[in-house]
Amino acid sequence: MSEVNCIFCKIMRGELPSHRVCESERTVSFLDLFPAALGHTLIVTRDHYENIYEIPPEVLAEIATESHRVAGAQREALRPEGLGVYQLNGAPAGQTVFHYHMHLIPRMPGQGLELHGRKEASSEELSGIAAKIAAKLPST
Ligand code: 5GP
Ligand code: ZN
């Protein structure tokens, strides 16, 4: 997948919209357009790395730091009973966008364990949730 046609590179370049929760030097966190659960957030590298084999360790460390920050804010904002942290590499593992990202999926009992939602969320819904999570971020 070239960076020209990559959906997440297009989001990073501002060619496609996203509902951002926060940003760091080398990452941007935004809501999944097809949420598997309320508050489903992706922690995404600004630069294009296809998978765990390509991402430099220092960028992976920043993904971990941002995941930790966003997880705390999701907990404060949405009070989920569980949180799934997932990262998929290659189509056989279920990866569908070949630009490195971490999923943070708040989980409630009885709601299933799917990683991919089927329905596109509305812009209004996503902007409300993004603001709610962002409001609970610890200051850096
Ligand atoms: P993967 O299967 O590669 O781990 O996850 C890719 C995720 O990107 C999926 O959960 C999918 O719903 C999400 N996604 C696909 N296209 C877009 C988009 O244009 N915007 C956003 N925010 N998420 C997207
Ligand atoms: Zn990309």
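Predicted model: local features only at pLDDT ≥ 70, side-chain atom pairs only at ≥ 80, totals over all residues.
Local features require pLDDT of at least 70 and side-chain atom pairs pLDDT 80 or more, whereas totals for chains, interfaces and linings use all residues. Residues are numbered from 1 along each chain as its sequence is written, chains are lettered from A and ligands numbered from 1 in the order written, and side-chain values use heavy atoms, without hydrogens and water.

The shell around ligand 1 has 17 residues, where a residue is near if one of its heavy atoms lies within 4 Å. Asp32, Thr96, Val97, His103 and His116 come nearest. By class, the shell holds 10 nonpolar residues, six polar and one charged; Asp, Glu, Lys and Arg count as charged, Ala, Val, Leu, Ile, Met, Phe, Trp, Tyr, Cys and Pro as nonpolar, and the others, Gly among them, as polar.

A nitrogen atom of ligand 1 lies 2.9 Å from a backbone N or O atom of Leu31. The side chain of Asp32 places an N or O atom 2.4 Å from an oxygen atom of ligand 1. At Leu33, a polar backbone atom is 3.3 Å from a nitrogen atom of the ligand. Of the 520 Å² of accessible area that ligand 1 has on its own, the protein covers 91% (Shrake-Rupley method, 1.4 Å probe).

Among the DSSP elements (helices H or I of at least four residues, strands E of at least two, numbered from the N terminus), α1 (7-12), β2 (27-31) and β5 (101-107) each supply at least two shell residues. The largest share, three residues, comes from α1.

A pocket is an open set of points on a 1 Å grid over the protein atoms alone, with protein on both sides within 12 Å along at least five of seven lines, and a lining residue has an atom within 4 Å of a point. Ile7, Phe8, Asp32, Leu33 and Phe34 lie nearest the centre among the 28 lining residues. α1, β2, β5 and α3 (123-134) each give two or more residues to this lining.

Key:
Polar contact = N/O pair within 3.5 Å; in protein donor to acceptor, adjacent residues only side chain to side chain. 1 Å grid on protein atoms, 1.4 Å probe; cavity = no way out; pocket = protein on both sides within 12 Å on 5 of 7 lines; lining within 4 Å.
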